[in-house]
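Good morning, and thank you for coming.

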Amino acid sequence: MMSARAWQRMLSGRRLDLLDPSPLDVELSDIAHGLARVARWNGQTNGDHAFSVAQHSLVVEEIFRRQFSATPDECQVALLHDAPEYVIGDMISPFKAVVGGGYKLVEKRLEGAIHLRFGLPAATPAALKARIKKADQIAAFFEATVLAGFSLGEAQKLFGQPRGITREMIPIDPLPAIEAQKRFAERFLSIEAQRSQAGTPL
């Protein structure tokens with residue numbers, strides 16, 4: 001009996017093993033392409049286009065930079081905080097709770113491979129993860145209220161009330177996939193240039 005296929009073929013030609021992902025099979029082009037075509041909120045958002053994980057990642061990194069004094073390495077981790085979703089999709093939080101540990105294990109292995117591919121620590125330090133999570137919650141608040149039909153009270157209860165960030169500060173109007181893909185890749189390369197100049201690891 002044939003075993004189940006556990007790899008996905010990417011447009012770059014790479015075959016990424018979901019159970020044992022190799023950093024050598026991770027490509028920026030695949031990440032940017034995939035994330036730009038994965039919809040946040042299961043696609044339940046207003047606008048002519050889905051609000052993609054690529055655009056969400058740009059918003060989170062923007063908020064992260066505005067809220068904290070961050071190194072280029074830390075900004076790159078923030079931009080890549082949802083990068084595994086280019087392979088496994090964006091599962092809404094209620095469903096993650098139902099699925100349990102298996103999803104988180106695959107997500108963690110993919111995150112480690114992605115980080116190693118780009119010279120970042122496989123595991124994000126806890127303090128940095130907490131800061132990125134705060135930026136993520138702020139992004140979720142604005143996405144929920146501006147795009148996903150949540151009331152202000154609902155969003156405040158679920159995500160907290162943002163401080164120091166307003167809707168006008170972040171690029172939240174949904175972009176076409178090709179534009180989100182382009183902007184994600186450009187921001188990644190811009191941070192990489194800063195990392196090369198700084199030369200200071202996490």
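Predicted model: local features only at pLDDT ≥ 70, side-chain atom pairs only at ≥ 80, totals over all residues.

What radius of gyration would a compact globule with 202 residues have, and what does the protein have? A compact globule would be near 17 Å, and the protein has 17 Å, which agrees. The radius of gyration is taken over C-alpha atoms, and the globule rule is 2.2 Å times the number of residues to the power 0.38.

Residues are numbered from 1 along each chain as its sequence is written, and side-chain values use heavy atoms, with hydrogens and water left out.

I turn to the overall architecture. The protein has nine helices and two strands, and its pattern along the sequence reads β-β-α-α-α-α-α-α-α-α-α. Here helices (H or I, at least four residues) and strands (E, at least two) are DSSP runs, numbered from the N terminus. Along the principal axes, the C-alpha atoms fill a box of roughly 50 × 45 × 30 Å.

Next comes the interior. Of the 202 residues, 45% are buried; buried means under 20% relative accessible area, exposed over 50%, and partly exposed in between, with a 1.4 Å probe and protein chains only. The largest nonpolar core has 53 residues, and Ile31, Tyr86 and Phe184 touch the most other members. Such a core is a set of buried Ala, Val, Leu, Ile, Met, Phe, Trp, Tyr and Cys residues joined through side-chain atoms within 4.5 Å. Helix 7 gives this core its largest share, 10 residues.

Contact means heavy atoms within 4.5 Å.

Which helix is largely enclosed by the rest of the structure, and why? The answer is helix 3, residues 72-79, because eight of its eight residues are buried. One of them is Gln76, which counts as buried because its relative accessibility is 0%. Beyond residues up to four places away in sequence, Gln76 touches Leu120, Phe188, Ile191, Glu192 and Arg195.

I close with contacts across the whole chain. Among contacts with a separation of 6 or more, 66% are between residues 24 or more positions apart. Thank you for your attention.
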